[in-house]
Amino acid sequence: MLLLTFKHIIADFVLQTAWMAHGKDQKHGWALPLLVHCLIHFAVALPLILIVAPKFWFVALIDFVIHITIDRAKGFVSANFGVNQEHPWFWTLIGVDQALHHLTGFGLSIFMAAN
């Protein structure tokens, strides 16, 4: 869980650029920024998992698919309901997004620990 949390902090905050953060929440042109952002998550997750538990390499792919789904859903809501920093839902949407990512890490950690 700590490893996947570390991965999330690095990929979601340290390595995410403004182009990715803003681009993935647009009504049009969101696909490339979202893909690049989620590929960074994959690129950080894979070597960490290979070092700690190589038989679970595929967990990086699962994390990628779940991350892209969560972020696309957030982007869809942001773009279609005009959720920006001035919108009352902004911080709620950020919180739900982050909670889902952390629950993903928790679930994947349980899966790896149980197998």
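Residues count as buried under 20% relative accessible area, as exposed over 50%, and as partly exposed in between (1.4 Å probe, protein chains only). The structure is a predicted model, in which local features need pLDDT of at least 70 and side-chain atom pairs count only at pLDDT 80 or more, while totals for chains, interfaces and linings use all residues. Numbering starts from 1 along each chain as its sequence is written, and side-chain values use heavy atoms, with hydrogens and water left out.

Salt bridges were examined next. A salt bridge is a side-chain nitrogen of Lys or Arg within 4 Å of a carboxyl oxygen of Asp or Glu. The count by this rule is three. Helices are DSSP runs (H or I, at least four residues), as are strands (E, at least two), and they are numbered from the N terminus.

D63 pairs with K7 in a salt bridge, with 2.7 Å between the closest N and O atoms. The two residues come from distant parts of the chain: D63 is in helix α4 (residues 59-81) and K7 in helix α1, 56 residues apart. D63 has a relative accessibility of 6% and therefore counts as buried. K7 also counts as buried, because its relative accessibility is 2%.

D71 forms a salt bridge with K24. Their closest N and O atoms are 2.9 Å apart. D71 lies in helix α4, whereas K24 lies in the loop between α2 (18-23) and α3, so this pair ties together parts that are 47 residues apart in sequence. Both D71 and K24 are buried.

K74 forms a salt bridge with D25, and the closest N and O atoms are 2.7 Å apart. K74 belongs to helix α4 and D25 to the loop between α2 and α3, so the pair ties together parts that are 49 residues apart in sequence. K74 and D25 are both buried.

Helix packing was then described. Two packed helices are described by the angle between their axes and the distance between the axes. Axes are lines fitted to C-alpha atoms, for helices over the stretch in contact, and angles run from 0 to 180 degrees between N-to-C directions. Angles under 35 degrees count as roughly parallel, over 145 as roughly antiparallel, 65 to 115 as roughly perpendicular and the rest as oblique.

The axes of helix α1 (residues 2-14) and helix α3 (residues 31-52) come within 9 Å. They cross at roughly 150°. Helices α1 and α3 are therefore roughly antiparallel to each other. Their crossing is right-handed, a term that applies if the near helix is turned clockwise from the far one by less than a right angle, with anticlockwise giving left-handed.

Helices α4 and α5 pack at an angle of about 165°, and their axes are 10 Å apart. This makes α4 roughly antiparallel to α5. The crossing of α4 past α5 is right-handed.

Helix α5 (residues 90-114) contains I110. I110 counts as partly exposed because its relative accessibility is 45%. With M1, V96, L100, L103 and F106, I110 forms a nonpolar patch on the surface, and together they have about 550 Å² of accessible area. S109 also lies in helix α5. S109 is buried, with a relative accessible area of 14%. From S109 to A73 the C-alpha distance is 23 Å, across 36 residues in sequence.

N80 is placed in helix α4. At 34% relative accessibility, N80 counts as partly exposed. The C-alpha atoms of N80 and V36 are separated by 22 Å.

Methods. Patch = residues over 30% accessible without salt bridge, like charges linked within 9 Å, V, L, I, M, F, W, Y side chains within 5 Å. Areas by Shrake-Rupley, 256 points an atom, 1.4 Å probe, with all protein chains shown as cover.
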